[in-house]
Structure formats: structure tokens, C-alpha cells
Amino acid sequence: MSTALNPARGIALAAPHPAAVDAAREVVDAGGNAVDAALAAAVALTVVYPHMCSVGGDAIAVLRTADGDEVCVNSTGAYGRGWLPEQWGPDESLPVTGPLTVSVPGAAAGWGELWRRAGSLPIATILAPAVRLAEDGMTVSAGLAASLAEYADRLRPDPGMRATFFDGDEPVREGAHVVQPALAATLRALAEHGFDELYRGELAGAFADGLADLGVPVTTEDLAAHRVHVEPPLVGEMAGTRVSTAPPNSQGFTFLRTIGAAEAGGGWRGLDPAVLAELFHAGDRLRDLVLADPLVAPVDVSGFLTPPALAEARADAEQALVTGERPEVAARPRPGGDTIAVTVVDADGTALSLIQSVFHAFGSLLLEARTGLVLHNRASFFSLDPASPNVLAPGKRPGHTLVPVIVSTPDGAVAAHGTMGGKAQSQIHAQLLRRTMLGDDPAAAVAAPRFIVGGTEVGDTEDRIFVEGGHEPGMVAALHRTGMRLVVADGRDSEAGHAMIARRDASGALSAGADPRSDGAVLVVEAAALVAEVSALVAGDAEPAPA
């Protein structure tokens, strides 16, 4: 734990729910710094946004300290050693939900690592708002209510889900009051004993027993073996702007490949949207071919990010646009996902992009009753193809979609970018960066219309482009030139992700933007007056998204 960060210098934070922003403001008022605020928001979100994140999920973050040093904190969990290969026959497919899709959840350990590196308040103070939300009850938001309604038939069979989020046989509605006593007890245990309690304490034993009852192949030994991996971020550059993200097992390299290829052709200005769509398609194919856990399988993405390789990627995208020929991409599990981003900057240059997830909506569709944890289904992103580097194996982490991003420039501007959006996160980040580099402020950048290349349901082909309404004239016509199937929405849609940006500009001014597709809000604590200002940016009619 460090006390080096000074909250009196000012903080800007963006999160997808007002309760998370309230939690951040509470710890700032208690003297907390930017990282304390982000952690309070992140843990509060596991209570109010259980369809998108949980203590039973994973987390990846990039942390920048005031001196400019950056680290990636990767707390993604491995598959359990309780799994037996004969549980699937040779002709079976990897399931998308259920007990066999649950790997060790890493979120709590990731919070612990961030707290040890840069937190300033006691854990109990940071977790207090989340404990109250679970113990005293939280109000069901529009986004959660919509997701509960959409997934009701799949959630109803699980006793934990039914007891927590249903009123009788029907899911609770927007505005309902939901109390989560088991989750409150879990959070209290973490507050009292530390984040490691979920992995090596008494809580770990109870959690492992509950997992066994559900048929999840994660044991006490698997929990105890979990380690957070702290490593240098993967870094790219575009027009003097430094962009840092997570290395594998994250897909972040595909984001750097896209922006590097755009730079190789002259940058964002004048970039043909159809070429950008081809870069997105090729990046996803590359991810599916090479991404895996580098601790188990060789994964060297540096060769894809050299200047010659980036120039070749740009040329290949332009050629694909001319010929209409692109390699086949195998259908994968639903590529959305349920994920949240918390982004924060301190006026001294400290910045954190923290991404946490249960992968698909409500993850595995299981809630472990002893701990109250919604369990992620991250293991469904493994492959059963023995030739794939991402083939499932006990003790191995799956390829991961989470992409935290820090952006900085030589003039002193620093920003934390984050988004949900499953495998489309790299695509969303490229569009966010484009908007900010062309002059948009954080609020405008996250609200701007986006397009997503790839399918949205199991079995969809990847030659599909989802296009939000409101794009500049000519965008839809340009994308039609790819020959891919276009699906055009009337306006903003959660299928395009929920993005968050917090920024300190070169003058030291702070700003933040929370995606109107979410239930989001921002917190800006000005250095001079220390006045907390919350701006709710709520899209009450937004569709629930796989994050």
C-alpha cells in the first residue's frame, strides 16, 4: 500500500453506474486517492451490475504512476485441475455456459495487487460502500432489469440466481430493491482479512465447497495456486501519442496492430472506413489463430507490430477491399460479453484503466450460494482443437478479451480508456482513440456512433458489420464496399459497447465521459475547490449488452 498519491490534486473518474461513482466519491471524501476511488467503484459494480461483473470474474488493468511508470496487472484465472478430459467426448463442442465454463476468478486478487501498489486507505474503507449496497440493498437499474428479463428462462433453473434476482417465478423489475446477504458477508470477509481471503483463507474453503456442489472443476488447490501477473504493458505509438495496453493473454495487441496499420497509411485523417473494417476483420482472425496463455503456449506478438508488418497489414486490408477475398474465420461463442470499465486519472498524472468481467451476460448463469458470487464463463473462450495454442488445459488461462488502455502525449496529457464489448473491445478502442486524436473531448468520444465487425450470436458468420445510426454521411456507403453484410441500427446500441474515458489534458484540466449506452456517470473532483460533481449520462432504453 502506498500513500504517495494525493487526492487533493484532483481526480476524474468514469464508471457505468451512478452507485459506483457514489462509492468513489465517498472514498475520495475520506481522503482516498485515484486508485482507492477506482477500486471502490469496481467493487460496488459487482453488487449493482451482476450481469456484467462479479467477484467471481476476472480483471486486467494498466496502472500509470505520476512519474510515468506503467505496469499491467493481469489477474485472469486458470482452468481447474479438477477437470477430466473424458468429461467431453471427441465430437463434443465446448459449452458456452454451465459449470465446466468456470475458471478461477481473479478479480479480487487483481484489486489486492492494485491496492498494494497504489492504494492509500484501509481495505475496509474502500469496500464499505459495496458492503452497504449488498447488505442494505441496491435498486435494480434499467440495464440490469433488461438483462434479467432477456435471460430469465436461462437463469431460473439455478437456485442461487432464482433466490437472489427473482420475485417468485419472475425476474425482478427496474426499481426493485435487492438484498444480497451472502455477497455482503463475502465482501466483509475481504474487508477484514484482505483480498487474498478468497484464495487461501477460510472463505476459500467455503467457496471451493460451493463450487464442488455445482460441478465446477475448481478446487481449493486451484484457488491457492492463483497468482497475479504484473508485467510491462504492450506499447504502440501513433503520431507521437503513446498507447499502452495489456499483453497476451489479452487481445490488446490487435488494437495496437490496427492503429499501427492506420499510422502506416498516414493516420486517421482520410482513412477509408472500409479499410478500417478490413483491419478489424483481420485482427480478429489473427487473435483467434495465435492468442493463448503465454505462460503455457508460445505467444510472440511482437512480430505483428514491427513497422514492416504494420505496413503489410495496411496493404492486405486495402487488397481485401479490392478483391473481396479474406480468410475464413471460425464461428466462436457469442463475441459480446458482460464487462465493465472503470477509468480514473489524478491531476498528478496517475491513471488507471481497470476492466473486469463475467464474459457473457451473467457469466456461467450460476450463482454460488455460499459466497453470493455470480460465476464467470471465461473458460468458454478456450478451444477444444488440439492444434490451437488456446486449447483447454488444466492450470492454463484462456485467451482473454479484456483490453485496458492508457494514452499519453509528450505535452503531459494522460487519459485512461476502457470499454466493454467482448472480442470487439479492440475495435471500440480504435474508434475511441480516433475520436480523441481528431479533437473530441471524453464525453463526445464515448457517445459518438461506432461500428463493430463480426457476429453477435453463436453460429453467426464473421462477415457482418453492425453499424449504429448517426454516423457522418457516406459511412454506411463506405462500409457497403467491403461486401460484408451490414446491420444498421436506428441509433446508439449496447452492441457497440459501453466506453469510459477519464482525462487530464496538457494544462492539467480534468474531464471524463461515461457512455450514454450504459447507466453511466462521471466524477470530477477539481483540484482547486475539491468539489465533487456527478453527471449522470443514462440511456434508460439501451439494450442489454454482452460485455
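Contact here means heavy atoms within 4.5 Å. In this predicted model, 71% of the contacts between residues at least 6 apart in sequence join residues at least 24 apart. The protein comprises 547 residues, of which 63% count as buried, and its secondary structure consists of 16 helices and 23 strands.

The largest nonpolar core contains 96 residues, and within this core Trp111 and Leu187 touch the most other members. Helix 2, which spans residues 34-48, supplies the largest share of this core, namely 13 residues. The surroundings of Leu187 can be described in detail: when residues up to four places away in sequence are not counted, Leu187 touches Val43, Val47, Val55, Leu127, Ala130, Val131 and Ala134.

Strand 10 covers residues 241-245 and includes Thr241. The relative accessibility of Thr241 is 7%, and this residue therefore counts as buried, the cut-off for buried being under 20%. Leaving aside residues up to four places away in sequence, the contacts of Thr241 are with Gly236, Val407, Ser408, Thr409 and Met437.

Among the helices, helix 11 (residues 252-264) packs against helix 12 (residues 273-290) at an angle of about 145°, and the axes of the two helices lie 9 Å apart. The crossing of helix 11 with helix 12 is right-handed. On the side of helix 11, the contact is formed by Phe253, Thr254, Arg257, Thr258, Ala261 and Ala262, while helix 12 contributes Leu276, Leu279, Phe280, Ala282, Gly283, Leu286, Arg287 and Val290. When the residues of this contact between helix 11 and helix 12 are sorted by class, nine are nonpolar, three are polar and two are charged.

The cysteines were considered separately. A disulfide is a covalent bond between the sulfur atoms of two cysteines. With a disulfide taken as a pair of cysteine sulfur atoms within 2.5 Å, the count for this model comes to zero. Cys53 has a relative accessibility of 0% and so counts as buried, and Cys72, for which the relative accessibility is likewise 0%, therefore also counts as buried.

Note on methods. Residues are numbered from 1 along each chain as its sequence is written. This is a predicted model: local features need pLDDT of at least 70, side-chain atom pairs count only at pLDDT 80 or more; totals for chains, interfaces and linings use all residues. Side-chain values use heavy atoms; hydrogens and water are left out. A nonpolar core is a set of buried Ala, Val, Leu, Ile, Met, Phe, Trp, Tyr and Cys residues joined through side-chain atoms within 4.5 Å. Buried means under 20% relative accessible area, exposed over 50%, partly exposed in between (1.4 Å probe, protein chains only). Helices (H or I, at least four residues) and strands (E, at least two) are DSSP runs, numbered from the N terminus. Axes are lines fitted to C-alpha atoms, for helices over the stretch in contact, and angles run from 0 to 180 degrees between N-to-C directions. A crossing is left-handed if the near helix is turned anticlockwise from the far one by less than a right angle, and right-handed if clockwise. Ala, Val, Leu, Ile, Met, Phe, Trp, Tyr, Cys and Pro count as nonpolar, Asp, Glu, Lys and Arg as charged, and the others, Gly among them, as polar.
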